[in-house]
Amino acid sequence: MRYNQRHLTRWPTLKRAPQRCGWQVLILGLCAHGGDPGCTEEGICQLEFFPGIGEIQYEGPTSRNPMAFRYYNASEVVHGKPMKEWLRFSVAFWHTFRGDGSDPFGSATKAWPWEDASLDPMEMAFRRIRANFEFLRKLGVEYWCFHDRDIAPEGRDLAETNENLDKVVDLALDLQKQTGVRPLWGTAQLFKHPRYMHGAATSPQAGVFAYAAAQVKKAMEVTLRLGGLNYVFWGGREGYHTLRNTHLKTELDNLARFLRMAADYKRKIGFKGTLLIEPKPQEPTKHQYDWDAATTIGFLREHGLKNDFKLNIECNHATLSQHSCEHELQFSSSQGMLGNIDINTGDPQTGWDTDQFQISDPVEATLLMAVVLRQGGLAPGGFNFDAKLRRESTAVEDLFYAHIGGMDALARGLRNAARLLEQGEVDSVIQARYSSFDEGIGKDIVNGKVGFKELEKYALSHPDPIEDLPSAHAEKAEIVLSMYVQ
Ligand code: XLS
Ligand code: NI
Ligand code: NI
């Protein structure tokens, strides 16, 4: 999008006189790749995409400053670890640096200062990468997530596309070295290009399967090169529009073949990160095979892939599949399969993947963080903000407000969840409810000492259990929870 007058007035970055900018010279002063106009050879930085915004500070819960953290204090130890280790926040490159506000009913609304349609696509790619690292540094976030195609443009053929990706990755690697930032995960975009209209790994065309495999191979290699900690598979087109033209079993078997090849290749190149599958029930397809956590784990078990993959649970996908995010986390965690969270929220009135920042629901944040604390954290996974601004939020400050709000909500949830676990009150309510399995016949059931015959004998010789069936105290349990939500 062309840099228009309105934004030049508001963000006069490109018109400012060059200035020395300390540490930013390191970040923004790299000129080695593609002749980016961002700086001179003397390391004078001309490009700053978020001028006037410094590093975001922690000011505590009484602060009235929306540009400060009220709950997130990166180094503060909560429940035995610094907050940043529990939370491991990541910025999603596609939403933050490629999101333009367009939707199926309207065109782009944002005119971000790094976009300049007069530049060649590779120069544009370099500018976005620089903007990403400036944003991460100012926000105090140490991880980022990307799709291959949102960081680098496609070339004339796959070979040129791979070269483009390598050049952008070279720049990202330089900037990473200076900042210590790493990818939380990388992924291949197998849903946007029309070649994937029938699916990628589940396409009825073998050539498309092969192309998708080549794309994932390359995306895994660059994720490894960048020191990425995980690699994600989201099957945006792995599903169907109608069963009238779909061979369900062939598609599912091919999906399993594809994932097995990916796991084999991971071992071959020595990528130590976790492979993650991100369930989503529908959108863009009517039915996606990785419907929810239970379906996905069942599929992995069926195909002997359970030890090679974990899940990346996205909250808005959880609600699209008619679950709560807490349910999806608890279910995955109970199977030892919770690897990462794409943190966002949906809108109950809208009913699609609105990918909103979860800013104002401390109850949900507390419940999610309780699952994470109970399993001892998410590492090497973390919380990726797979979330975008509303279409009408068009100022660059909004990118900061959104992420600050999202980070603070989870930090608040973390503080609450830590108290909740440390006091043990909620857990003891649950434990008490199942205490009949700790002794007597309950213990025998758990230990496999009895079968139907022994249980019938027990039932015939004991009073009907209805006589002392305890209350579930559901409302009391909610009151106890509410005592911990601050
Ligand atoms: C879309 C997905 C996508 C994945 C990465 O709904 O959430 O953004 O996280 O491909
Ligand atoms: Ni996601
Ligand atoms: Ni999503």
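The model is predicted, so local features need pLDDT of at least 70 and side-chain atom pairs count only at pLDDT 80 or more, while totals for chains, interfaces and linings use all residues. Residues are numbered from 1 along each chain as its sequence is written, chains are lettered from A and ligands numbered from 1 in the order in which they are written, and side-chain values use heavy atoms, with hydrogens and water left out.

For Glu314 the distance is 2.6 Å. For His317 it is 3.0 Å. For Asp342 it is also 3.0 Å. On its own, ligand 1 has 290 Å² of accessible area, and the protein covers 94% of it. Such areas come from the Shrake-Rupley method with a 1.4 Å probe.

Together with Asp353, they coordinate the nickel ion (ligand 3), through OE of Glu314, NE2 of His317 and OD of Asp353, at 2.1 to 2.5 Å. Donors are N, O and S atoms within 2.8 Å of the metal (3.2 Å for Na, K and Ca); water is not among the atoms, so sites may look incomplete. The donor residues follow the spacing E-x2-H-x35-D. Glu314 bridges this ion and the nickel ion (ligand 2), and the two ions lie 3.9 Å apart. Glu314 is buried, at 2% relative accessibility. His317 is buried too, at 4%. Buried means under 20% relative accessible area, exposed over 50%, and partly exposed in between (1.4 Å probe, protein chains only).

The model has 1 disulfide, a pair of cysteine sulfur atoms within 2.5 Å. Cys315 and Cys325 form it, with their sulfur atoms 2.2 Å apart. The link is left-handed, with -55° about the S-S bond. Cys315 lies in helix H11 (residues 315-320) and Cys325 in helix H12 (residues 325-334), so the bond ties together parts 10 residues apart in sequence. Helices (H or I, at least four residues) are DSSP runs, numbered from the N terminus. Both cysteines are buried. Cys145 is buried as well, at 0% relative accessible area. Its sulfur is 14 Å from the closest cysteine sulfur, in Cys315, which is too far for a bond.

Methods:
Polar contact = N/O pair within 3.5 Å; in protein donor to acceptor, adjacent residues only side chain to side chain. Helix = DSSP H or I, 4+ residues; strand = E, 2+ residues; numbered from the N terminus.
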